Amino acid sequence: LCLCDDGNYRESRWFTEWDPTRGLEEHSLPGMIVAVTGQQSIPFGIAAIPTADTVVGTETCEELFTPKSPHIAMSLDGVEIIANGSGSHHRLRMLDQRLDLLRGATQKSGGLYLYANQRGCDGGRLYYDGCALIALNGKVLAQGEQFALGDVEVITASVDLEHVRSYRGAVPSRSRQAASAPAYPRVAGAANFAIGTDAIAPAGANTQKRARLMSESKPISLRLHTPEEEISFGPSCYLWDYLRRSGANGYFLPLSGGADSSSTAALVGIMCQQVAAAARAGNEQVISDARRIAGQGADWKPTDDKEFCKLIMHTSFMGTKNSSTETRDRAALLAKEIGAYHAPGIIDPMIEAILKVFKIFTGGEEPKYLKQGGSHAEDVALQNIQARSRMVLSYLLAQLLPWVRGKKGFLLVLGSANVDEALRGYMTKYDCSSADINPIGGVSKGDLQRL
């Protein structure tokens, strides 16, 4: 058994790996479970589950990625169906890697692989992108959605397990290795795993229906997104799942009209498009969550993405006397394009007030910009005042804009600092890099430009 202890995961903080040399142990069940099931104990350990017609095994998310994956030893010991309940988070091209591993696992060893993956965010920085998969002998038979708002998705495939047996039997070297492979302990399962043809479609059923239900699933063409689509859909799905779990009533974004804040605004616009599409498709969970977040009645549905965006997304161009008309107009145009509630303004009075307080503390000293004859330190400090003033004002607006609009609740502040700025330290501390959520915090500047 292998636990994941790299990257974002520290599973050994919570669990201890089971030593397979211990075999199976009989584990006494708690009284509350005994009262429900009538079962006193259960075998505990690593084992396969034989039925009358096949053998089922499992491996963990991490084990699929390890060099000595359990599915190899299990397949050599006659396990035909391998299930993996995974918690694999989204990062660019990660689905490609999962597909390569799944196809490679079943192409070399033969077998039927059932892969399920968590969907949504867990309250932290990660988004789990789902995309359940069913693979048979190196071919994918079914694929779930990689980015979707539904909590649960079920995919199915009809498989003749004789294909596994003939596939494995056609390779003599594999059979010789199987003959000397160590045996997995067995825990008897259901009497019959597969479904007979009469159970699938009784003889009296409609002929066409019977033929359709009894037909085997064929390999499919895989659906893979471009990197730009992944950047669009991954963070936007995360934004929705975080928002609906947070208790907030929307988002606030200081929108400068530059590439970074515009990318963040676009991701919220994409989120609203996904919500509207799910509502039109009849997703009651999405409709219910959207009503609660937007403060709308029981008859309202978020089928119009711009209407929904107007209710939950708030932007503000926080300009100064030095701001260009071009960036101000760009911010207003983008806010209109996605449907956001836009509140532009000038922050010069805030900056002037801070400088007045500074003069009180320093006996009348007044810093100047470089072009006014000031030093580099003065120039940087004055620029930082603007950036940090926007952060303070952002949180004030996030708390009170719902009240201004006659609503209840609060907003989450969105950041717009890309990963290159964080890695190089090229940013002002406590400016737009300080926020409740930064959806582009893991995206490089080059990827944002392509987005």
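**Group meeting: a walk through the predicted model**

Arg 93 is partly exposed, because its relative accessibility is 30%. Partly exposed here sits between buried, under 20% relative accessible area, and exposed, over 50% (1.4 Å probe, protein chains only). Arg 93 has a partner. Asp 96 forms a salt bridge with Arg 93, and the closest N and O atoms are 3.6 Å apart. By salt bridge I mean a side-chain nitrogen of Lys or Arg within 4 Å of a carboxyl oxygen of Asp or Glu. Asp 96 is also partly exposed, because its relative accessible area is 23%.

Some ground rules. This is a predicted model: local features need pLDDT of at least 70, side-chain atom pairs count only at pLDDT 80 or more, and totals for chains, interfaces and linings use all residues. Residues are numbered from 1 along each chain as its sequence is written, and side-chain values use heavy atoms, with hydrogens and water left out.

**Overall form**

The protein has 17 helices and 16 strands. These are DSSP runs numbered from the N terminus: helices are H or I with at least four residues, strands are E with at least two.

Of the 451 residues, 41% count as buried. The protein exposes about 24200 Å², and carbon and sulfur atoms supply 55% of that. Accessible areas come from the Shrake-Rupley method with a 1.4 Å probe; for residues, only the protein chains shown count as cover. Now contacts, meaning heavy atoms within 4.5 Å. Among contacts with a separation of 6 or more, 67% join residues 24 or more positions apart.

**The cores**

Which residues touch the most other members of the largest nonpolar core? They are Trp 240, Tyr 251, Met 271, Phe 308, Ile 312 and Met 313, out of 43 residues. A nonpolar core is a set of buried Ala, Val, Leu, Ile, Met, Phe, Trp, Tyr and Cys residues joined through side-chain atoms within 4.5 Å. Several elements each supply at least two residues of this core: helix H9 (227–246), strand S11 (251–254), H10, helix H11 (284–294), helix H12 (305–312) and helix H13 (325–338). H10 gives the largest share, 7 residues.

Take Phe 308. Setting aside residues up to four places away in sequence, Phe 308 touches Trp 240, Cys 272, Val 275, Ala 290, Ala 294, Trp 300 and Pro 302. There is also a second, separate core of 16 residues, with Ala 48, Tyr 115, Ala 135 and Val 140 among them.

Back to H10, which spans residues 259–280 and holds Ser 262. Ser 262 is buried, because its relative accessible area is 16%. Beyond four places in sequence, Ser 262 touches Leu 255, Gly 257 and Leu 334.

**A buried arginine**

Arg 98 lies in helix H4 (residues 94–109). Is Arg 98 buried or exposed? Arg 98 counts as buried, because its relative accessibility is 0%. Leaving aside neighbours within four places, its contacts are Phe 65, Ser 88, His 89, His 90, Tyr 115, Asn 117, Asp 129 and Gly 130.

**Charge pairs**

Side chains of opposite charge can pair when their charged atoms come close. How many salt bridges does a search of the whole structure find? The search finds 20. Arg 22 and Glu 25 make one, at 2.5 Å, N to O. Arg 450 and Glu 228 make another, at 3.9 Å. This pair links distant parts of the chain: Arg 450 in helix H17 (residues 445–450) and Glu 228 in helix H9, 222 residues apart. Arg 450 is exposed, because its relative accessible area is 53%. Glu 228 is partly exposed, because its value is 25%. Then there is a network of salt bridges: Asp 151, Asp 241, Arg 244, Arg 245, Asp 289 and Arg 292.

**A surface patch**

Last stop. Leu 396, Leu 400, Trp 403 and Val 404 make a nonpolar surface patch of about 430 Å². Patches are made of residues with over 30% relative accessible area and no salt bridge: like charges are joined within 9 Å, nonpolar side chains (Val, Leu, Ile, Met, Phe, Trp, Tyr) within 5 Å. Trp 403 sits in helix H15 (residues 376–404). Trp 403 counts as exposed, because its relative accessibility is 62%.
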